[in-house]
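This briefing is meant for a reader who is meeting the structure for the first time. Please keep the sequence and the 3D view at hand while reading the points below.

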Amino acid sequence: GARCCAHRPSRDGATEVYNNLSMPLGGLVPFARMAAVAHAATRAAGFVARASSAASTVVKGSRLIDIMDKTVVDDVFGHALKKQTGVSLKYMLDFGANPIERQLILSAQFLHKELPVRLAHRVAELENLPYGLSAKSSILKVRDWYVESFKELRTFPTIKDLGDEIKFTELLRSIYRRHANVVPVMAQGVAELRRELVKHNSLTELPEIHQFMDGFYLSRIGIRILIGQHIALHEPPKSNHIGLICTKCSPVQVAQDAINDARSICLREYGASPEVTVYGDPKFAFPYVPSHLHHMVFELVKNSLRAMQDKYEDDDVEPPPIRLVVAEGGEDVTIKVSDEGGGIPRSGMPSIWTYLYSTAKQPVEVEALDPAAEGGGPVVLAGYGYGLPISRLYARYFGGDLQIISMEGYGTDAYLHLNRLGNSQEPLP
């Protein structure tokens, strides 16, 4: 799959660590390879030393090798060398169209083999982050969740029949629940790093962190779709659904639901909400994951509503409506959200995609999040300002994209492109 990153990989030591993880190092045994990764991480520490005297990349006592059995560590890093196998939306549709026993067993066997590889790739990255991020308690917590799930999958016996498959699906359900709060917990670690860097006056763009976060969250979307899709094939059949995928997803209908949700939040926060006008054929439908589409449109409309409210709050004039247009092309379905909320200055555009800044006042408390509410889609994280970068990853996951074009002094247009054919491979970081 195509590499999907907001930044080109730099050749810094830290990025070399990530890049090396997907390259077999000439027949090195996993343990020797770990030493190679640790060596690259030590080199990375050199170029990040300026960030903070406290931020060492390798912290004694918190690395896997200090707390885990050597055979588990070997197994994790051995799997981190294996290639991940991508699937397409079309493949998932064709495969799940007839969920007979044999299909379910084949799907379980694929996940039994594939998920440990994907989890191991992420563990290896989490072990070797720059700026001392790997040693932050919330990042360690996430890493330990990934290791725990890896171990459970690796110790699960070979899946031979439907009885095994049913037990395996139970394991998948518990893994899915365990990882429900990964995004906010990761965000806490990054927010902590940000505070540290601000204190030491060394907060810069940090492209390595962004590249890692994009890859990490993109991979998480893939893992959750694969697990969620398998679990959903066990649920009672829903009309026009194959697992999480709706074969007749109407973008106008989903957009209308997302608009209603965003406007009710706007009403609650501001006591008023601008109108949103929808243009497009409500009968047009195509295969997509409605929860993904809902979250992306919700995010875009919510941002536009906020901008309009801030601009018109003290005016007596009625704010002009936000326009949402659904266009049906041969390759793409494109949704455009246009507002007249005053726009974003050009110098401020890069920061709308960053994981390090947020305009919201109060970060979300992890305990306040309901794992059951996730439904295969992204957590809505107003408190962390992650909405736009994560929405862009959701679009890119199925071969689409998200672009924001702004006119300072007037307003903003967001273009959400969705791949209509569904045959693009997962982008695997």
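In which helix is Tyr-91 found? Tyr-91 is found in helix 5, which covers residues 89–96, and the model in which it is seen is a predicted one.

- Tyr-91 counts as partly exposed because its relative accessible area is 44%, a value that lies between the 20% limit for buried and the 50% limit for exposed.
- Although Tyr-91 and Ser-424 are 333 residues apart in sequence, their C-alpha atoms are 9.8 Å apart in space.

**The nonpolar core**

- The largest nonpolar core has 108 residues, and those with the most contacts inside it are Met-186, Tyr-217, Leu-293, Leu-324 and Leu-416.
- Helix 10, made up of residues 207–232, gives the most to this core, with twelve residues.
- As general background, nonpolar side chains tend to be buried together in soluble globular proteins.

**Helix 9 and its surroundings**

- Helix 9 runs over residues 182–199, and its 18 residues reach 26 Å from the first C-alpha to the last, which is close to the 26 Å expected at 1.5 Å a residue.
- The buried residues of helix 9 include Val-182, Val-185, Met-186, Gly-189, Val-190, Leu-193 and Leu-197, and Glu-196 is also one of them.
- These buried residues pack against helix 6 (residues 101–127), helix 7, helix 10 and helix 13.
- Just after helix 9, Asn-201 takes a positive phi of about 50°.

- Ser-138 lies in helix 7, which covers residues 137–155, and Ser-138 counts as buried because its relative accessible area is 6%, under the 20% limit.
- Leaving aside neighbours within four places in sequence, Ser-138 is in contact with Val-185, Gln-188, Gly-189 and Glu-192, and the residue range of helix 9, 182–199, takes in these positions.
- A polar atom of the Ser-138 side chain lies 3.5 Å from the backbone oxygen of Val-185.

**Aromatic pairs**

- The count of aromatic pairs in the model comes to eleven.
- One of them is formed by Tyr-146 and Phe-216, whose rings are tilted, with 5.5 Å from centre to centre and 45° between the planes.
- This pair links distant parts of the chain, since Tyr-146 is in helix 7 and Phe-216 is in helix 10, 70 residues apart.
- Both partners are buried, with a relative accessible area of 2% for Tyr-146 and a relative accessibility of 0% for Phe-216.
- Tyr-288 and Phe-398 form an edge-to-face pair, with 5.7 Å from centre to centre and 70° between the planes.
- This second pair also links distant parts of the chain, with Tyr-288 in strand 4 (residues 286–288) and Phe-398 in the loop between helix 13 (387–397) and strand 7 (401–407), 110 residues apart.
- Tyr-288 is buried, with a relative accessible area of 0%, and Phe-398 is buried as well, with a value of 4%.
- Ring pairs also join Tyr-146, Phe-212, Phe-216, Tyr-217, Tyr-355 and Tyr-386 into a cluster.

**Charged ends over rings**

- The charged end of Arg-224 sits over the ring of Tyr-176, at 3.8 Å from the ring centre.
- Arg-392 lies over the face of Trp-353, at 4.0 Å from the ring centre.

**Positive phi values in two loops**

- Tyr-131, which is found in the loop between helix 6 and helix 7, has a positive phi of about 60° although it is not a glycine.
- Tyr-131 counts as buried because its relative accessible area is 2%.
- Asn-240 has its place in the loop between helix 10 and strand 1 (241–242), and its phi is near 60°, a positive value in a residue other than glycine.
- At a relative accessibility of 39%, Asn-240 counts as partly exposed.

How values were computed. Residues are numbered from 1 along each chain as its sequence is written. This is a predicted model: local features need pLDDT of at least 70, side-chain atom pairs count only at pLDDT 80 or more; totals for chains, interfaces and linings use all residues. Side-chain values use heavy atoms; hydrogens and water are left out. Helices (H or I, at least four residues) and strands (E, at least two) are DSSP runs, numbered from the N terminus. Buried means under 20% relative accessible area, exposed over 50%, partly exposed in between (1.4 Å probe, protein chains only). A polar contact is a pair of N or O atoms within 3.5 Å; within protein, one must be able to donate a hydrogen and the other to accept it, and residues adjacent in sequence count only if both atoms are side-chain atoms. Contact means heavy atoms within 4.5 Å. A nonpolar core is a set of buried Ala, Val, Leu, Ile, Met, Phe, Trp, Tyr and Cys residues joined through side-chain atoms within 4.5 Å. Rings of Phe, Tyr and Trp (its six-membered ring) pair if their centres lie within 6.5 Å; planes under 30 degrees apart count as stacked, over 60 as edge-to-face and the rest as tilted. A charge sits over a ring if NZ of Lys or CZ of Arg is within 6 Å of the ring centre and within 35 degrees of the ring normal. The expected span of a helix is 1.5 Å times one less than its number of residues.
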